[in-house]
Amino acid sequence: MNQSAISVAPRQDDPPYRPGEPAALFIPCYIDQFYPSIARATARLLKRYGVPVVYPTAQTCCGQPAFNSGYWEESRRVIRHFCDVFEPHRWIVCPSGSCTAMCRVFFEQADPDPRIVGIGRRVFELTEFLHDILGVTDTGATFPHKATLHIGCHGRRELGMAGPPQKLFESVRGMTYCPLPDMEECCGFGGTFSVKMPGTSLAMGETKVQNIVRSGADVVVSNDVSCLMHIGGILRRKPETKHIRTMHIAEVLVAGWEERE
Amino acid sequence: MYTQPIHLDGAEFLTEKTKGLAEPAAPGSLGVNAERSSKSNRAVTDSVPYFQDWREAAHQVKRYAIANLDKLLVEFERNISARGAVVLWAKDAAEANEHVLRIAREHNVKSVVKAKSMVTEEMELNRVLETAGIRAVETDLGEYIVQLAGQRPVHIVTPAIHMSAADVGRLFAEKLGEPMTEEHTKLADIARRHLREEYLQADMGVSGCNFAVARTGTAVVIENEGNAGLSTATPPVHVAVVGIEKMLPRLEDLPLFLNLLPRSGTGQKLTSYTHLIHGPAPGRKLYVIIIDNGRSNVLCDPAARAALYCIRCGACINNCPVYRHVGGWAYGWVYPGPIGSILTPHLLGMKQAGELPFASSLCGACSEVCPVKIDIPHQLVHLRHRAVNEPSPMRSWTERLTWSVWAWMMAGPMRYRLTMTGLRIGVRLSRFLPWHPGKLGAWTRGRELPEVPGPDFRHWWKRNKNKYEP
Ligand code: SF4
């Protein structure tokens with residue numbers, strides 16, 4: 001799966017994780033503000049596997065919106081703030097493939113300062129951290145719904161990590177997994193692309209929505225909530241797809257825990 | 001949005017049939033056909049166990065070749081001219097056209113047969129020849145169809161991918177007076193019958209060149225229909241136009257590319273014909289025009305240099321979801337899809353093509369299939385950075401101001417919280433607005449805004465952190 005990625009982003013996973021080492025949460029701005037339940041689920045997941053969690057409250061954004069729009073000078077300013085905040089932390093965990101790719105792959109392009117590049121490589125996407133670093137293969141979650149999985153393109157291709165979300169998702173109990181036709185295709189969000197070229201972005205989103213309907217799922221799950229913001233926005237616009245919910249994978253991986261905790 | 005479409009001279013259809021990159025204007029058949037060939041080609045490449053190694057090897061060979069163009073070009077010239085070919089150099093399309101016209105005059109050329117070649121599209125050679133009173137006929141079936149229809153190719157490998165068999169049948173009935181048919185074999189027969197005459201009459205054949213081998217001085221042309229063989233060998237004069245980036249160091253490097261290009265382009269293991277042209281056949285003339293036409297602009301930009309590794313297979317185009325929706329003409333020039341978005345801004349300049357790199361969701365589907373491993377999405381963001389800093393349709397002081405303010409707001413926690421409070425109020429209030437301006441309107445045109453939940457994560461964390469912190 002990693003094979004076809006152009007270059008698998010180097011990540012700082014050596015020396016390996018030692019039990020008891022804390023992880024710093026990087027909660028991207030739109031999750032912090034519009035989807036705080038995802039951030040809560042992320043903290044709960046880490047805690048369950050004995051990882052102490054810290055949340056540096058001075059954090060803001062990774063700089064991706066400006067970077068992808070070409071405004072690298074402006075983006076650099078935000079990247080430096082990010083690095084000032086996260087410098088003391090060895091393991092940084094983020095529940096978004098796209099923001100993780102910004103840190104790990106694109107920091108280098110935006111600002112080749114070795115300090116910046118080094119900090120970017122310490123950022124891990126949540127499912128990747130659980131699966132590859134902690135060795136989790138089953139979170140014991142129960143989710144009795146018909147659900148399908150969409151893996152964001154940045155995670156899939158820039159980070160080359162479609163495996164961890166897929167495996168963890170498939171381990172969920174009681175769930176009917178409805179494979180998504182043309183799963184690898186982009187949903188059309190693309191950050192500012194969605195408003196710069198809205199007609200094209202929406203047309204791509206409609207294709208994704210048709211495939212979701214074809215899958216027969218009632219819940220669309222992704223490791224990238226930015227895709228879900230776009231897909232969910234389209235789903236909710238139409239009466240015939242209104243009933244299909246969107247959920248982040250972290251929320252699914254903690255589903256059904258209450259009873260046993 | 002698409003304020004400055006790039007016009008090919010004399011191709012009015014571009015303005016008529018294209019709404020630009022922001023709106024999906026492609027005929028449905030284009031998307032369906034591109035997707036279908038992408039999937040079947042993918043199956044072919046995935047079935048080769050060492051395909052990923054081949055890609056890496058090809059990337060390295062091209063890297064070497066592009067880094068050593070100064071030597072390889074001269075070596076190629078020396079070796080092919082030693083066998084009687086006349087090598088001419090052209091800085092740009094205008095100079096290349098002058099060469100072609102001069103050769104045509106010298107040999108008293110009245111009609112030309114053309115094998116498929118994108119570089120001659122860059123030169124708009126058909127129009128140039130026509131203006132000079134010389135008849136030029138495209139002989140590749142797809143090119144022949146679009147030429148008859150008065151269009152331009154929508155794709156670099158399958159120029160008529162937007163047309164169905166019925167469309168072609170109607171076109172042949174109208175333009176050639178043939179009986180209407182939708183059968184592929186019958187359509188091919190009609191084209192063959194008409195084209196045969198052209199080969200026999202033609203005074204000159206024009207082709208491109210897929211690879212140029214420096215050490216042996218070989219121009220390599222690959223094709224499926226036999227038309228390139230007929231176009232280059234039947235008329236007394238053959239003109240091959242070679243982009244400077246086509247160089248390969250040695251003949252030993254060629255098989256790798258002969259394996260990669262057809263598999264990625266059309267899902268074939270090998271093309272039906274591979275022509276290795278070492279010089280003119282006895283009693284005939286061979287001219288080789290080596291053309292730059294903006295390619296050295298790519299060399300001047302180290303972050304973009306890999307764009308010259310492209311072997312024009314079209315895999316990135318077929319696999320591009322944006323291309324499938326907007327079609328080929330929306331890219332305004334010769335090269336559509338992801339490769340167009342990273343090449344055209346160099347070849348035509350940012351001023352004209354600065355918008356192209358923005359026509360992407362940066363999903364990376366292109367580089368996943370590129371047989372020479374060009375890092376297309378990274379080049380796209382690089383070109384976006386250039387486009388907003390250089391004279392281009394994308395440079396805007398209001399955007400610059402917006403992002404500067406944004407950067408200031410995101411560079412400190414207090415400012416961030418203030419901004420976010422404002423944003424939450426804005427999203428809540430926007431529900432009551434009768435209409436949404438600008439970017440907000442672009443979002444809500446077909447999408448709902450996210451619901452604004454209770455307190456943000458920061459608040460929750462303040463109350464619960466003792467359960468989680470070390
Ligand atoms: S960029 Fe790569 S995939 Fe696209 S046409 Fe060129 S070689 Fe083929």
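How many residues of domain 1 of chain B are in contact with how many residues of domain 2 of chain B? In this predicted model, for which local features need a pLDDT of at least 70, side-chain atom pairs count only at pLDDT 80 or more, and totals for chains, interfaces and linings use all residues, the contact joins 26 residues of domain 1 of chain B to 29 residues of domain 2 of chain B, two residues being in contact if their C-beta atoms, placed from the backbone, lie within 7 Å. Residues are numbered from 1 along each chain as its sequence is written, while chains are lettered from A and ligands numbered from 1 in the order in which they are written.

The confidence values, in which pLDDT is the predictor's confidence in each residue on a scale from 0 to 100, average 93 for chain A, with 95% of its residues reaching 70 or more. Residues 1–6 of chain A have a pLDDT below 50, and this stretch makes 12 contacts in the model beyond near neighbours in sequence. Chain B has a mean pLDDT of 92, and 96% of its residues score at least 70; over residues 1–18 of chain B the pLDDT is below 50, with 37 contacts in the model beyond near neighbours in sequence. The scores of the model are ipTM 0.95 and pTM 0.94.

Chain B is divided into domain 1 (13–30 + 296–389), domain 2 (48–293) and domain 3 (412–467), the bounds coming from an automatic or database domain assignment. The C-alpha centres of domain 1 and domain 2 of chain B are 22 Å apart. On the side of domain 1 of chain B that touches domain 2 of chain B, the elements giving two or more residues are α2 (28–46) and α14 (315–318) of chain B, where helices (H or I, at least four residues) and strands (E, at least two) are DSSP runs numbered from the N terminus. This side of domain 1 of chain B comprises 18 nonpolar, five polar and three charged residues; Ala, Val, Leu, Ile, Met, Phe, Trp, Tyr, Cys and Pro count as nonpolar, Asp, Glu, Lys and Arg as charged, and the others, Gly among them, as polar.

For chain A, the assignment gives domain 1 (9–133) and domain 2 (146–255), whose C-alpha centres lie 22 Å apart. Here 29 residues of domain 1 of chain A are in contact with 23 residues of domain 2 of chain A, and the elements that give two or more residues to the domain 1 side include α2 (36–48) and α5 (97–110) of chain A. The residues on that side of domain 1 of chain A divide into 13 nonpolar, 11 polar and five charged.

Between the chains, 60 residues of chain B are in contact with 60 residues of chain A. Among the elements of chain B that give two or more residues to this side are α20 (397–409) and α21 (413–430), whereas α19(B) gives the most, with six residues. By class, the side of chain B that touches chain A has 36 nonpolar, 10 polar and 14 charged residues.

The ligand is surrounded by 14 residues, of which the closest are B:C310, B:C313, B:A315, B:C316 and B:C370, a residue being near if its C-beta atom, placed from the backbone, lies within 6 Å of the molecule. The shell around the ligand consists of 11 nonpolar, two polar and one charged residues.
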